[in-house]
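Trainee: Before I use these labels, I would like to hear the grounds for each of them. Could we go through them one at a time?

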Amino acid sequence: MSGAELVRSAVSAVTDPELRRPIGELDMVREITVEGDTAHVGIVLTIVGCPAAARIESDVRRAAAAVPGIGAVEVQVGVMTPAERKALTEKLRAGRPAREMPFGPDSLTRVILVSSGKGGVGKSTVTANLAVALADQGLSVGLVDADVHGFSIPGLLGIPSGTQPTRIDDLMLPPVAHGVKTISIGMFLRDGESVVAWRGPMLHRTVSQFLTDVFFGDLDVLLIDMPPGTGDIAISIGQLLPHAEVLVVTTPQTAASEVAIRSGLVARQTGQRVIGVVENMAAYTLPDGTVVDLFGAGGGAAVADALSEPGAPVPLLASIPLSPALREGGDAGVPVVSTRTDDPAAVTIRDLAAALARQGRGLSGRSLPMSIG
């Protein structure tokens, strides 16, 4: 191979950090020449002001400089034409028409809804940490924050305020945090906005756009953080994703467990399958060995029993102990499953991720493309 061919091969392998694909595969590499020991490399970005521009240019420069015989690299950066962007979006969709949801019954992506009967039980904290725990095991994970009125996923994952998806024509590329591709209504609010006061039609449209217009790529698992209760969004997602699986989150106390049952029953009415219950804020052990059950005991098991049917038991998959580290990690945007792996709550959530992986089958009977010991 000539010097220019070697440089092209090296540069083409550079990964676009948003699309998670080699830029050669995305047709982003242009003319490459080598004069003496200097490589002249042309690349194009998807849009003007691409947030990944600096990283892509740096990675391209590093890749070209690593080729034997190259002592200097000059990179010329351009932008795709509208026709090139259209060709790219068509390639990304892999033949799927625009505005068509890629997570239907025939999809290889396992869709898991995380629901609760009421707010304040730590559902979003569990969802965020579960997503990161799955990603830490090498899985491709997406997370939709469908709790439009009470969105908290960006903060829990440490996504800076003001971060927005990159738009390529009618596709949106979700920000990636801790290995999880994430979308939330909080990314679309104008400066100073903190409240979403929408009714049914707008809520349905928003959730639908999250599932159709956001390009997650090939996912092993898509987690959806549901709003508490059985309102408009639960109904909309039941219509859009009737094949999805459902995790019900509750606390041990009776007041939470009684309403948690309702969220599971509503999901089941749309055809979704309740795969398990997660009890959060369970008893924890003090350094002297004293066990403190601040929120009582038995709520998770009660929900599991109530949602079980003959021949279709619903297990209590996890009982996550009350944990200051879990709360602190959420406040700081640093999930405890990645930073305090020895914390009892982190251990339990990571075990939950492994248990979900071992289940390996959704409502459609598809094998989940993952294998965890």
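Mentor: What follows is a set of questions on a predicted model, each answered by setting a value against its definition.

Trainee: Why is valine 29 called buried?

Mentor: Valine 29 has a relative accessible area of 12%, and buried means under 20%, so the label applies to valine 29. Valine 29 belongs to strand β3. Leaving out residues up to four places away in sequence, valine 29 touches Arg8, Val11, Ser12, Ile23, Gly24, Gly42 and Ile43.

Trainee: What makes β3 and β5 edge strands?

Mentor: The open sheet has 3 strands in the order β3-β4-β5, with mixed pairing. Both β3 (29-35) and β5 (72-79) pair on one side only, and that makes them the edge strands. On average, neighbouring strands of this sheet are turned by 15 degrees against each other, direction ignored.

Trainee: Which helices lie across these strands?

Mentor: Helix α1 (residues 3-12) lies across β3 and β4 and runs at about 140 degrees to β3. Helix α2 (residues 53-65) lies across β4 and β5, at about 145 degrees to β5.

Trainee: Why is arginine 20 called partly exposed?

Mentor: Its relative accessibility is 44%. Buried would require under 20% and exposed over 50%, so arginine 20 counts as partly exposed. Arginine 20 is in the loop between β1 (15-16) and β2 (21-22). Its phi is positive, about 60 degrees, although arginine 20 is not a glycine.

Trainee: Methionine 281 has a positive phi near 60 degrees too. Is methionine 281 buried or exposed?

Mentor: Methionine 281 is at 18% relative accessibility. The limit for buried is under 20%, so methionine 281 counts as buried. Methionine 281 is found in strand β14 (residues 273-282).

Trainee: What makes β13 largely enclosed?

Mentor: 6 of the 6 residues of β13 are buried, so the rest of the structure largely encloses this strand. In a regular strand, side chains alternate between the two faces of the sheet. In β13, Glu245, Leu247 and Val249 point one way, while Val246, Val248 and Thr250 point the other way, and all are buried.

Trainee: How do you know that β13 is paired with β6 and β14?

Mentor: The requirement is at least two bridges. β6 and β13 are joined by 5 bridges and run parallel, and β13 and β14 are joined by 6 bridges, also parallel. Isoleucine 112 has glutamate 245 of β13 as its bridge partner, and leucine 247 stands opposite glycine 276 in β14.

Trainee: Why are β10 and β17 said to stand at the edges?

Mentor: The open sheet of 8 strands has the order β10-β11-β7-β12-β6-β13-β14-β17, with mixed pairing. β10 (176-177) and β17 (316-321) each have a single partner strand, so one side of each is without a neighbour in the sheet. Helix α12 (residues 344-359) packs on this sheet, touching β6, β13, β14 and β17, and its direction makes about 165 degrees with that of β17.

Trainee: How do you know that the length of helix α8 agrees with its number of residues?

Mentor: At 1.5 Å a residue, the 16 residues of α8 (residues 254-269) should span 22 Å, and the end C-alpha atoms are 23 Å apart, which agrees. After α8 comes glycine 271, with a positive phi near 100 degrees.

Trainee: Against which elements do the buried residues of α8 pack?

Mentor: They pack against β6 (110-116), β13 (245-250), β14 and α9 (299-307). Among the buried residues of α8 are Ala256, Val259 and Ala267.

Trainee: How is the packing of α8 and α9 described?

Mentor: An angle between axes and a distance between axes describe two packed helices. For α8 and α9 the angle is about 30 degrees and the axes are 9 Å apart. Their crossing is right-handed. The residues of this contact divide into 6 nonpolar, 3 polar and 1 charged.

Notes
Residues are numbered from 1 along each chain as its sequence is written. This is a predicted model: local features need pLDDT of at least 70, side-chain atom pairs count only at pLDDT 80 or more; totals for chains, interfaces and linings use all residues. Side-chain values use heavy atoms; hydrogens and water are left out. Helices (H or I, at least four residues) and strands (E, at least two) are DSSP runs, numbered from the N terminus. Axes are lines fitted to C-alpha atoms, for helices over the stretch in contact, and angles run from 0 to 180 degrees between N-to-C directions. Contact means heavy atoms within 4.5 Å. Buried means under 20% relative accessible area, exposed over 50%, partly exposed in between (1.4 Å probe, protein chains only). The expected span of a helix is 1.5 Å times one less than its number of residues. A crossing is left-handed if the near helix is turned anticlockwise from the far one by less than a right angle, and right-handed if clockwise. Ala, Val, Leu, Ile, Met, Phe, Trp, Tyr, Cys and Pro count as nonpolar, Asp, Glu, Lys and Arg as charged, and the others, Gly among them, as polar.
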